[in-house]
Each structure stands twice: as C-alpha cells, then as structure tokens.
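Here are some friendly notes to read alongside the model. Please keep the sequence and the 3D view open as you go through the points.

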Amino acid sequence: MSDNHLRNVIEAAMRAAGKPLSVAELVQLFDEDARPSTAEMKAALAGLASEYEGRGIELRETASGWRDRKSTRLNSSHRCISYAVF
C-alpha cells in the first residue's frame with residue numbers, strides 16, 4: 001500500500017469520525033490483507049502531524065486517540081474560517 005493512500009484514508013477517517021480515533025481503530029479500517037502495521041500507522045500519523053505544522057489544522061494525539069482540529073494558533077480574529085467551512 002502506498003504511503004499516500006494510507007494518509008488519504010487517515011485524513012478521511014478523521015474528518016468523518018467526529019471524535020478521536022485510536023491507532024487500533026485506524027488500522028481496522030483496512031482489509032486484513034492490506035492492513036498497515038501499528039508502526040506504519042504511527043509513522044503515517046506522525047508524518048501528517050508534521051505536515052500540518054504551521055497550517056490551519058493540526059493533528060494531535062490525545063488520551064483517547066488521534067484527532068484533527070482547527071489550529072490553536074488561530075484565534076477569534078479568524079472567525080471567518082468557521083463561517084466559510086461550516
């Protein structure tokens with residue numbers, strides 16, 4: 001499986017879930033014969049988190065799993081983002 005496909009699945013799952021997802025939950029999204037290892041999933045998550053640094057969204061690991069959210073660098077002066085997206 002390509003790294004790009006793995007990242008695309010992670011991004012789609014994060015946006016669709018509406019809640020933090022554990023590494024185990026993310027791994028289970030793949031067919032058994034194409035399932036990434038836990039190490040591959042963690043590496044992909046770390047890579048995405050690094051790519052998002054300095055952008056409008058961030059990927060963070062929380063106690064209940066990984067989640068994407070609006071960057072904490074954005075403050076109330078950027079309210080137009082919420083209106084444009086939602």
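1. Let us begin with one residue. Arg7 is buried, at a relative accessible area of 15%; buried means under 20%, exposed means over 50%, and partly exposed is the range in between, with a 1.4 Å probe and protein chains only. Arg7 belongs to helix H1. Helices (H or I, at least four residues) and strands (E, at least two) are DSSP runs, numbered from the N terminus. Leaving aside residues up to four places away in sequence, Arg7 touches Gly47, Leu48 and Glu51, where a contact means heavy atoms within 4.5 Å.

2. A word on the source. This is a predicted model, in which local features need pLDDT of at least 70 and side-chain atom pairs count only at pLDDT 80 or more, while totals for chains, interfaces and linings use all residues. Residues are numbered from 1 along each chain as its sequence is written, and side-chain values use heavy atoms, with hydrogens and water left out.

3. How confident is the predictor? The pLDDT, its confidence in each residue from 0 to 100, averages 82 over the protein, and 79% of the residues score at least 70. Where is confidence lowest, and where is it highest? The lowest mean, 50, belongs to helix H4 (residues 80-85), and the highest, 96, to helix H2 (residues 23-27). Please keep this in mind when you look at helix H4, with its mean of 50.

4. Now the overall plan. The protein has four helices and two strands, and from the N terminus on the order of elements is α-α-α-β-β-α. Of its 86 residues, 30% are buried. Among contacts with a separation of 6 or more, 42% are between residues 24 or more positions apart.

5. Back to Arg7, this time for its charged partners. The structure holds four salt bridges, each a side-chain nitrogen of Lys or Arg within 4 Å of a carboxyl oxygen of Asp or Glu. One of them joins the side chains of Arg7 and Asp3, at 3.0 Å from N to O. Both residues sit in helix H1, four residues apart, which is about one turn of the helix. Arg7 is buried, whereas Asp3 is partly exposed, with 44% relative accessibility.

6. Which residue of helix H3 does Arg7 pair with across 44 residues? The side chains of Arg7 and Glu51 meet in a salt bridge at 1.9 Å, N to O. This pair links distant parts of the chain, with Arg7 in helix H1 and Glu51 in helix H3, 44 residues apart. Glu51 is partly exposed, at a relative accessible area of 42%.

7. Another salt bridge brings together the side chains of Lys19 and Glu25, with 3.3 Å from N to O. Lys19 has a relative accessible area of 42% and Glu25 has one of 35%, so both count as partly exposed. As for shared partners, salt bridges join Asp3, Arg7 and Glu51 into one network.

8. Next, a look at Leu26, which is found in helix H2. Is Leu26 buried or exposed? Leu26 is buried, with a relative accessible area of 1%. Not counting residues up to four places away in sequence, Leu26 touches Ala13, Met14, Leu21, Met41 and Leu45. Leu26 and Thr38 are twelve residues apart along the chain, and their C-alpha atoms are separated by 9.3 Å.

9. A search of the whole structure turns up one cavity of 30 Å³ or more, and the volume of the largest cavity is about 30 Å³. On a 1 Å grid over the protein atoms alone, a cavity is a set of points where a 1.4 Å probe fits but cannot get out, and lining residues have an atom within 4 Å of a point. Grid points are joined across faces, edges and corners, and the volume is the space filled by probe spheres set on the points.

10. Which residues line the largest cavity? They are Ile10, Glu11, Met14, Arg15, Leu48, Tyr52, Leu59 and Asp68. Helix H1 (3-17) and helix H3 (38-52) each supply at least two of the lining residues, and H1 gives the most, with four. The lining divides into five nonpolar, no polar and three charged residues; Ala, Val, Leu, Ile, Met, Phe, Trp, Tyr, Cys and Pro count as nonpolar, Asp, Glu, Lys and Arg as charged, and the others, Gly among them, as polar.

Key
1 Å grid on protein atoms, 1.4 Å probe; cavity = no way out; pocket = protein on both sides within 12 Å on 5 of 7 lines; lining within 4 Å. pLDDT = per-residue confidence, 0-100.
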